[in-house]
Amino acid sequence: ELCVKDLHFEEVPVRIYLSKAPAASKRRGVIFFHGGCGIFGSIRSHERICRYIARKSNSVVVSVGYRLSPESEYPAQTLDCLTATESLLKTAQNHGVDPERVIVCGDSIGGTFTAAVCQELGNRRDIPKIRAQVLIYPFLQALNFNLPSHQKNAFIPFLSRERTAYFLLKYLNKDCSMKEAILAGSHVPESIHLKYRKWINADLIPDRFKLGYKPPLPASFSPQVHEETKELFHIRVSPLLAEDAVVSHLPDTCIITCEHDVLRDDALLYKKRLQDNGVQVTWHHMEGGFHCALGFFGYGIFSFPSSSKMVNHIVNFIK
């Protein structure tokens, strides 16, 4: 049913999926950034997902093979995603895509890249505006690892609280022995805590998600850890820290969260920020869902109900 092409957008490898059936007009375009902590994953790892989205939404799907860390140092990953998105927006019609209907989509750190790309391109006037973004259990902030979802899901398989900090440091090519200091919050000076507590704060999480939550004790600040991890405060790593002037220009958004996910509250906080800034948000919460569930889509008996539900929510939003 699909025509599949491997191309390069400038230097970035992409795989394009489009229906073989003739189209009466230009199709919508979906640019997809795979998850994997910026260290793992590939175009191939998300092949089933992209094929399904292309078929069911009748869209041209562009899956991006961005460079991986640590072989390619941060921010090469975000830059590749930016390059691929700009290229599609500029050359959309060459690929049968309506440039006014381009949607950016990603899971896990792919959701981080999606948020960062939409923020960076939001005020550009020289290229078409992105129509919408889809954030699937995204990582969005590296200030607070003691939110209710971090506590509740600290030991959940696939992405525990400890592994989140470890992979984050590995992605940034930092000393992973700083993991415990990061989890405690020792990398955040009081001035930054005060500046961002209006956006990153357990009080902003709906009560139904805070059962059993215990506010953590204040951590002692470590200037050395702070100095070595300053990238954690950059909006390319922590899109939740973007100013309102940036957030207010973001496109319509679909956010998918999972019950058993340390990153659940990142997405809930971003959802609130988007809505507070007048952005239209569609939110789906997967009861029983877990981080990485999307990666099991299409594997028969090894798939999960939440995997199929997620993909169908994505398709319905795109349509």
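Predicted model: local features only at pLDDT ≥ 70, side-chain atom pairs only at ≥ 80, totals over all residues.
**Entry 1: strand β3**

I started with strand β3, residues 27–33. Seven of its seven residues are buried. I then looked up its partners. β3 runs parallel to strand β5 (residues 97–107), and six bridges join the two. In that pairing Gly29 stands opposite Val102 of β5. β3 also pairs with strand β4, residues 60–64, again in the parallel sense, over five bridges. There I found Val30 opposite Val61 of β4. I checked the connection as well. β3, α1 and β4 form a β-α-β unit, and the unit is right-handed.

**Entry 2: strand β6**

Next I took strand β6, residues 132–136. Five of its five residues are buried. Which residues lie on each side? Ala132, Val134 and Ile136 are on one face, Gln133 and Leu135 on the other, and all are buried. I noted the general rule beside this: in a regular strand the side chains alternate between the two faces of the sheet.

β6 runs parallel to β5, with five bridges between them. Val134 of β6 is the bridge partner of Cys105. The chain gets from β5 to β6 through α3, and this β-α-β crossover is right-handed. I then followed β6 to strand β7, residues 252–260. Five bridges join these two, and they run parallel. Leu135 has Ile255 in β7 as its bridge partner.

**Entry 3: nonpolar cores**

I looked up the largest nonpolar core. It has 76 residues. Those with the most contacts inside this core are Ile31, Phe33, Val64, Leu143, Leu168, Tyr270 and Leu274. Which helix gives the core its largest share? Helix α3 (residues 109–121) does, with six residues.

Leaving out residues up to four places away in sequence, Val64 touches Val12, Pro13, Val14, Ile31, Phe32, Phe33, His34, Ile43, Asp80 and Ala84. There is also a second, separate core of 30 residues. Val30, Phe32, Tyr52 and Ile256 are included in that second core.

**Entry 4: helix α5**

Helix α5 covers residues 161–171. I listed its buried residues: Arg161, Thr164, Ala165, Phe167, Leu168, Leu169 and Tyr171. An α-helix has 3.6 residues a turn, so residues three or four places apart point the same way. I then asked what covers the buried residues of α5. The cover includes α2 (76–91), α3, α4 (148–152) and α6 (179–184). After α5 comes Asn173, and its phi is positive, near 60°.

**Entry 5: aromatic pairs**

I searched the whole structure for aromatic pairs. The search finds twelve. I opened the pair of Tyr52 and Phe297. Their ring centres are 4.9 Å apart and their planes stand at 70°, so I logged the pair as edge-to-face. This pair links distant parts of the chain. Tyr52 is in helix α1 (residues 47–57), whereas Phe297 is in the loop between β8 (281–290) and α11 (305–318), 245 residues apart. Buried or exposed? Tyr52 has a relative accessible area of 16%, so it is buried, under the 20% cut-off. Phe297, at 10% relative accessibility, also counts as buried.

I then opened Phe290 and Phe296. The ring centres are 6.0 Å apart with the planes at 65°, so this pair is edge-to-face. Phe290 is buried at a relative accessible area of 10%. Phe296 is partly exposed, with a relative accessible area of 24%.

**Entry 6: charges over rings**

I logged two lysines here. Lys198 lies over the face of Trp199, 4.6 Å from the ring centre. Lys271 has its charged end over the ring of Trp283, 4.8 Å from the centre.

**Entry 7: Val246**

Last, I looked at helix α9, residues 244–247, which holds Val246. Val246 has 23% relative accessibility, so it counts as partly exposed.

Methods. Residues numbered from 1 in each chain as written. Heavy atoms only, no water. Phe/Tyr/Trp six-rings, centres within 6.5 Å; stacked < 30°, edge-to-face > 60°. Helix = DSSP H or I, 4+ residues; strand = E, 2+ residues; numbered from the N terminus. Buried < 20%, exposed > 50% of the residue type's maximum accessible area, 1.4 Å probe, protein only. Lys NZ or Arg CZ within 6 Å of the ring centre and 35° of its normal. Core = buried A, V, L, I, M, F, W, Y, C linked by side-chain atoms within 4.5 Å. Contact = heavy atoms within 4.5 Å. Pairing = 2+ DSSP bridges. Right-handed = clockwise from strand over helix to strand, strands pointing away.
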